[in-house]
Amino acid sequence: MENWQAILSVITFITVIALIMTEWVHLTIAALLGALLLVFVNIMTLQEAVAYIGNSYGTLGLFFGVMVLVRAFEPTKIFDYIATQIVILAQGKGKRLLLGIVGLVTPICAVLPNATTVMLLAPLIPPMAEELGINFVPLLILMVFVANSAGLLTIVGDPATYIVGDAVNISFTDYLWQLSLGGVLAVGVVVLTLPFLFRKIWNTTIENLEELPHPQINHPRVLIAGTVIIIFVLIFFVIGESLPIPISPAAVALLGAALALLLSHHSRIDTVNNILRDVDWSTLIFFMSVFVLIGGLDKTGVIKGLSGIFATILGKNILLGSLVLLFLVGILSSVIPNIPLVVAMVPLLKQYLVTVGLAPSEVLATNFQGEFPPEVLPLFYAMMFGATLGGNGTLVGASSNIIAAGIAEQHGRRISFKIFLRYGIPVMLLQLVVSALYVLFRFLI
């Protein structure tokens, strides 16, 4: 491909990230304009751009389905009711509320993708914070940190973790044995930072819990039917892909959304138009645009060229390569959403291994089902930790971050890039250091 196309793809990508970081342009507008620029200068055709979006249909379908599912049951006031109960269980103490969020999100993210968990639980946060009289933005940011970190507990907890694990054909049980402790350590780092980063909320106390508003659940029969739908969706999230006829999480989410729309329409608690109007289209368009931007880097050979540079610098030094990869991918993942980053980095790393002679060329096949040489696996594990935890660094680093930002806007507040950065950088750096030590002592020494 022509050099000018590769250069323009890189410049466009960097410019979009810079616009988002400086907040000169809304992140969705910046990403959409960048993606359209690649089409209008003929770096890729519109058909190719749509194809790159189509390659990530699972992610987009999952997000859309869960958004509709959650929105469909808002008229029942179930989220307000649960939020009040959580505040009462925390006895009005901020520290118990923070620890409660960690305890609630962590086990769920072990079995559900973290972005899905944020979509399901984040609507609880604004009413909960309102009852405590505190800003809900830090609570949403905490939920994101826990969700991203707990995504390392199992291979299905984070899309990036699953993509890397699937690339090296690691099983669910092997993952638990070799890598889950790293997820425990990552969540532990978040817990240790609570009294410092979230000091104001940590010290908050409500004395008169009786004065809290006690919202009543509306449409109880509809809610019972809705609960059945949600249980169905959660069960098939976990077991769907292991059935004789596999059902992807995206298909499950879309079916759940369709059933929720049917229930809302026929029970007349809301209209289909109202529900679909409130879907967070801004977040969905942002992800589509980012997939096109990453596609531009892929098509113009930028990603493949980086593998050659990687091979030249590191040679066959697995220890150095693992540590460099963990921090490099961690830093990149703080400014590039981790799903498209990992999709791009997996073939880059495989190409590097083949280039330096650490793996046979067969591993480059997309349908390769064999075993990788054990000595090269720490490289993939390092990339997994870097991509997942690096997402805690900035607002655009992970899918769950963008979703939380969208939910905040729907409730009248904005999570700015600078505010997220203030919380995210300390957490990310601590987690990357702890993860580097874990990979070092668990796999390399």
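The model is a predicted one. Two helix pairs are treated in turn: α2 with α16, whose axes come within 8 Å, and α11 with α20, whose axes come within 12 Å. The structure also holds 4 salt bridges, and a nonpolar patch on the surface includes F327 and F441.

**Helix α2 with helix α16**

- Helix α2 covers residues 27-40 and helix α16 covers residues 281-299; their axes cross at roughly 35°.
- The crossing of these two helices, α2 and α16, is left-handed.
- On the α2 side, the residues that meet α16 are L27, T28, A31, L32, G34, A35 and L38.
- On the α16 side, the partners are S282, I285, F286, S289, V290, V292, L293 and G296.
- Of the residues in this contact between α2 and α16, 10 are nonpolar and 5 are polar, with no charged residue.

**Helix α11 with helix α20**

- Helix α11 is formed by residues 172-197 and helix α20 by residues 377-390, and their axes cross at roughly 35°.
- In this pair, α11 passes α20 in a right-handed crossing.
- Helix α11 contributes Y175, Q178, L179, G182, G183 and A186 to the contact, while α20 contributes Y381, M384, F385 and L389.
- The contact of α11 with α20 comprises 7 nonpolar and 3 polar residues, and no charged ones.

**Nonpolar patch on the surface**

- The patch is formed by L319, F327, V433, L437, F441 and I445, which together have about 570 Å² of accessible area.
- Two helices, α18 (318-333) and α22 (417-444), each supply at least two residues of the patch.
- Helix α22 provides the largest share, with 3 residues.

**Residues with positive phi**

- N42 is not a glycine, yet its phi is positive, at about 65°.
- The position of N42 is in the loop between α2 and α3.
- H219, also not a glycine, has a positive phi of about 50°.
- H219 is found in the loop between α12 (199-202) and α13 (220-239).

Notes
Residues are numbered from 1 along each chain as its sequence is written. This is a predicted model: local features need pLDDT of at least 70, side-chain atom pairs count only at pLDDT 80 or more; totals for chains, interfaces and linings use all residues. Side-chain values use heavy atoms; hydrogens and water are left out. Axes are lines fitted to C-alpha atoms, for helices over the stretch in contact, and angles run from 0 to 180 degrees between N-to-C directions. Helices (H or I, at least four residues) and strands (E, at least two) are DSSP runs, numbered from the N terminus. A crossing is left-handed if the near helix is turned anticlockwise from the far one by less than a right angle, and right-handed if clockwise. Contact means heavy atoms within 4.5 Å. Ala, Val, Leu, Ile, Met, Phe, Trp, Tyr, Cys and Pro count as nonpolar, Asp, Glu, Lys and Arg as charged, and the others, Gly among them, as polar. Patches are made of residues with over 30% relative accessible area and no salt bridge: like charges are joined within 9 Å, nonpolar side chains (Val, Leu, Ile, Met, Phe, Trp, Tyr) within 5 Å. Accessible areas come from the Shrake-Rupley method with a 1.4 Å probe; for residues, only the protein chains shown count as cover. A salt bridge is a side-chain nitrogen of Lys or Arg within 4 Å of a carboxyl oxygen of Asp or Glu.
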